[in-house]
Amino acid sequence: MMVVAKGQERVRLATFQSQALVVAKVRAIVVLLLFLLAVVAMISRLFYIGAFEEHNVASNNGTLYIPPRGDIVDRNGVPLARTIQAFAIRVVPEKIIGDKAVLSEQLAEIFPDTSAQKFLQILNRNKPTYLRRRVVPEVANRVHALGEVGFDFPSENERFYPQHSLGAHLLGYVNADEEGAMGVEGAMNSLLKQEDMRSQPLELAMDARVQAALEQELGSQMLRLEAKGAAGIILDVDSGEVIALASMPEFNPNKIQKSDIPRQLNTVTNNVYELGSTFKPLTVAAALDAGTVTNLATRYDATQPIRIAGFVIKDDHPQNRYLNVPETLVHSSNIVTARLADNLGAERMQKLVRSLGFDVPPEIDLDQKAQPLWPSKWGRTNNMTIAYGHGISVTPMHLASAYAAMVNGGIWRPASIKKLRESEIPAGRRVFKASTSARMRQLLRMIVVHGTGRSADADGFRIGGKTGSAEKPEDGGYNKKSLVSTFAAAFPMDNPRYVVISMIDEPSGNAASSFQRTAAYTAAPVIRNLVPRIGPMLGVMPDKRRDVNISELTPLLWKAGG
């Protein structure tokens, strides 16, 4: 009996082992099948995404990273403005658990520009308050390390200007409500926020390299001459594109303060001046166009001042003789320019200034634009004084566009802050004959070679232009101590490419300018230093073998003893 029982027990054990082995094999097979199914599912999903969802993924990725406001770049793609995610630090007073006095001291150590007392006042308020609207992560981490639950760190969209103050008056800035406040940001606010436009940057006509050179030269001269301010513009004469625009003193759009408000005035487009003798070439061009001047050798009486209606028109550097047209510009004669305008007549003189847009705000795609100031009655005396830039006030932008038309063949075009394709360049309107423009290129070059513009000349760049110095109007007269000095130039005069305007506001007559305040000593040297810097950047190389041919005009210049 015992033998039989033991045999049966062995049989049951063998059977149990056999069943356990089968179960283990089944489980292993099931796990393997599940693993294979998972692998197949993964491969199928990847194949489906690659085959059918590639377009959707690309589309989603394209919209996921579109900024809430479009970037702004210069004509070469250099970033000028972009929206970034930045940390802010905010305090919620009712959540504070630490000692507020201690926290105030700790915050003052992190932010030395604010006192502990000021921070304590903020912590004691009964409403959430921002401590900082834009901080770098390292600073946010230091505040976070204080361990105070009453601080939070919201991530916000911030407009960042990587070039800092460069081109600030042209770019403008974005306010706390993320709306453009001035400049491009203001004028193009809707465009920059359009969903279909945010994925690609707005290209400006500005060249950041040229802008930097213009700002540096103007800023240096302003400081050197202890001037109130300075302004400048560089304009493409054939397209109207604004390559650079500067108004000094500057401001930093990354950190707008109340003290910056006076600095935000764009004096190039939003402030008017009597720009003095820079108008004289325009008057001469109008006389040539109208046929009231047909012979440049004809001489006009400049032996003594003109007395008209109780007003005296005199020359700053009287020659006390008869002058022809080239001599009039070379010596900057108010008297002869007034006679030319008198011969031209008020009607044709007004036609000139209206054709140049001097009766309306400057035509440029910005919002900050000033209305020119005209005399209430355009009589004979007004007509004669306006001829040499007195009695009418315009912006430097007006002057730049007028000079571009005068040297480019006679076509006036509006200024553009946006980079233009060839098909986008406006046709413009003819304001001078092509022959008049060619003659004016000669005369402007002669002024720099032989006249008041000699201090603007730079070897090989064939600069032409005209000085202008005007006292500021005050109480029905003029303040002799407040002078605006301007030089309007173009280069290279044998094939003009760019107009350059430099203006110094109220320069001091100190040792840096040989104790002179006029444009020849203050504004013209800016051109001389600037053009050799920006010429190669703009594709204009110095060439002493080329120049405008002024040989037919040179004999018309009288020389003492000659």
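Let's start at the largest pocket, where β11 (311-313), β15 (464-474), β16 (477-491) and α17 (519-522) each contribute at least two lining residues. Helices (H or I, at least four residues) and strands (E, at least two) are DSSP runs numbered from the N terminus. This is a predicted model, in which local features need pLDDT of at least 70 and side-chain atom pairs count only at pLDDT 80 or more, while totals for chains, interfaces and linings use all residues. Residues are numbered from 1 along each chain as its sequence is written, and side-chain values use heavy atoms, with hydrogens and water left out.

A pocket here is an open set of points on a 1 Å grid over the protein atoms alone where a 1.4 Å probe fits, with protein on both sides within 12 Å along at least five of seven lines; lining residues have an atom within 4 Å of a point. The largest pocket has a volume of about 1200 Å³, a volume being the space filled by probe spheres set on points joined across faces, edges and corners. Of its 38 lining residues, S277, D316, H317, N334 and S469 are the closest to the centre. β15 gives the largest share of this lining, six residues.

Now for the interior. A nonpolar core is a set of buried (under 20% relative accessible area, 1.4 Å probe, protein chains only) Ala, Val, Leu, Ile, Met, Phe, Trp, Tyr and Cys residues joined through side-chain atoms within 4.5 Å. The largest has 95 residues, of which V184, L356, F358 and V499 touch the most other members. Helix α15 (residues 396-407) gives the most to this core, with nine residues. A second, separate core has 34 residues, including L225 and F487.

Notes: Buried means under 20% relative accessible area, exposed over 50%, partly exposed in between (1.4 Å probe, protein chains only).
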